[in-house]
Amino acid sequence: METPLLTVRQLRCERDERVLFADLSFAVARGTALQLRGPNGAGKTTLLRILAGLHPDYEGEVSRAPGPLAYLGHRPALSGLLTAEENLAHYLSLTAPGTDASAITGALERVGLAGYEAVPCQALSAGQQRRVSLARLPLLGIAAPLWLLDEPFTALDDRGIALVTTLLEEHQAAGGGAIFTTHQPLAPRPGLETLWLGSEGAS
Amino acid sequence: MKIPGLFWGQFRRDGALALRQPGELANPLAFFVLVITLFPLGVSPESAVLAPLAAGVLWIAALLSTLLGLEGLFRRDRDEGTLEQLVLHGDPLVFAVLARLLVHWLGTGLPLTLLAPALGAMLALPEEARWPVTAGLALGTPILVLLGGVGAALTVSLRSGGVLLALLVLPLFIPVLILGVSVAELAVAGLPTAPVLAWLGAGAALALVTAPFAIAGALSIAVETG
């Protein structure tokens, strides 16, 4: 059997003397997307940060297939004074140095921001900033097999939501995997799984 | 080509950021100039009074102006979430840190050093001390930025870390201040200044190879606890 992109065993995390989750085990195979759901404060963001390696305070085992990952936090992680293109160029220099810069134009086009390359990000709307942030996904593509997305649908319009869904589907078809949080109920489709944190069905 | 790519990628980004908000780096410099211009007005315009104080005033103003520029060194990156991406992907982080500090020094320490001869003349700094003091600032300001960067990284998660930052780094700045001022005293007394300048150079070299690691560590902790 193919090794999953990510395996989590017996994960337990406490925060401020409150157990967020205990005995949590799951795996993300290639070609699957896992939607994390749960009420506010259930630990969705903390779980994503643990999986990204940004939160070392946990017990249990997290093993990730080698290779870079794409992590988009709930902030767009853009420098407001820099243009969309400069922000993405810096991201590329961190994640995939040596990549042809023309890929940036393509990625911005993909997220519906063609023509906004040279606009400082602080002049963009919240939804447009989210799109610039999401342009990292087509930029890296399958070079980052695992995507961890914290509330990727925030501030997006209907077409933006459809865009993220398409990006996820393409990534899955290419053999990638993703874990994302959202409160949005998504249409069931093959390869989309749901993991509830906290009490199931509560919202 | 991971490491040069990391360094130059960060250098280009921070350089572009610095050019787009010139006030951020110009403020500490303006502070430096203001303090020094006020001194002859407030104390005395007499050369005899000013000359013995000149080197000390230059160094104290340089030190405080460096401190002024430090607080924002990593703050914006943390607030925007770019620090998270940097810690996540910028492995090894020290090279990105070095690029950031280099841009910061080019915007604060270097212009301050270049202005020092002219401002020194205004403070009646003795002729023979002018170039030794400037050389001292050229070697000393990188130490201030490097050590100050450690303090800035340690206090980046704090809402109002300014006073704590000053308390953390000022004691570390004091040896630099003492060495820097003694360069002028030696020069005025006609003694060789090279040994003290060599001490400052050694300090700069030591700070250059240690401080970026401490800064990278502190930034990682800031992201992990944030």
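Predicted model: local features only at pLDDT ≥ 70, side-chain atom pairs only at ≥ 80, totals over all residues.

What radius of gyration does chain B have, and what value would a compact globule with 226 residues have?

Author: Residues are numbered from 1 along each chain as its sequence is written, and chains are lettered from A and ligands numbered from 1 in the order in which they are written.

The radius of gyration of chain B is 18 Å, which agrees with the value near 17 Å that a compact globule of 226 residues would have; the radius is taken over C-alpha atoms, and the globule rule is 2.2 Å times the number of residues to the power 0.38. Along its principal axes, the C-alpha trace of this chain spans about 55 × 35 × 30 Å. Of its 226 residues, 46% count as buried, a word used when 20 or more other C-beta atoms, placed from the backbone, lie within 10 Å of a residue's own, whereas 12 or fewer make it exposed and the values in between partly exposed.

Chain B has ten helices and zero strands, where helices (H or I, at least four residues) and strands (E, at least two) are DSSP runs numbered from the N terminus. If we take the contacts in chain B with a separation of 6 or more, 80% of them join residues 24 or more positions apart; a contact here asks that the C-beta atoms of two residues, placed from the backbone, lie within 7 Å.

Helix H2 (residues 22-42) of chain B packs against helix H3 (residues 47-70) of chain B at an angle of about 155°, and their axes are 9 Å apart; axes are lines fitted to C-alpha atoms, for helices over the stretch in contact, and angles run from 0 to 180 degrees between N-to-C directions. This makes H2(B) roughly antiparallel to H3(B), because angles over 145 degrees count as roughly antiparallel, those under 35 as roughly parallel, those from 65 to 115 as roughly perpendicular and the rest as oblique. Sorted by class, the contact of H2(B) with H3(B) has 15 nonpolar, four polar and no charged residues; Ala, Val, Leu, Ile, Met, Phe, Trp, Tyr, Cys and Pro count as nonpolar, Asp, Glu, Lys and Arg as charged, and the others, Gly among them, as polar.

H2(B) also meets helix H7 (residues 109-122) of chain B, with axes that come within 11 Å and cross at roughly 10°, and H2(B) and H7(B) are therefore roughly parallel to each other. The residues of this contact include B:Leu29, B:Val33 and B:Ile36 of H2(B), as well as B:Leu112, B:Leu115 and B:Met122 of H7(B). This contact of H2(B) with H7(B) has ten nonpolar residues, with no polar and no charged ones.

H7(B) passes H8(B) in a right-handed crossing. Here the contact includes B:Gly109, B:Ala116 and B:Gly120 of H7(B), along with B:Arg130, B:Leu137 and B:Val145 of H8(B). The residues of this contact of H7(B) with H8(B) comprise eight nonpolar, five polar and one charged.

One detail of the backbone also deserves a look: B:Asp91 and B:Pro92 are joined by a cis peptide bond, with omega about 0°, and B:Pro92 lies in the loop between H5 and helix H6 (93-107) of chain B.

Finally, we can turn to where chain B touches chain A, a contact that takes 21 residues from chain B and 22 residues from chain A. On the chain B side, helix H1 (2-20), helix H5 (82-89) and helix H10 (194-225) each supply at least two residues, and the largest share, eight residues, comes from H1(B). This side of chain B divides into seven nonpolar, eight polar and six charged residues.

Notes: Left-handed = near helix turned anticlockwise from the far one by under 90°.
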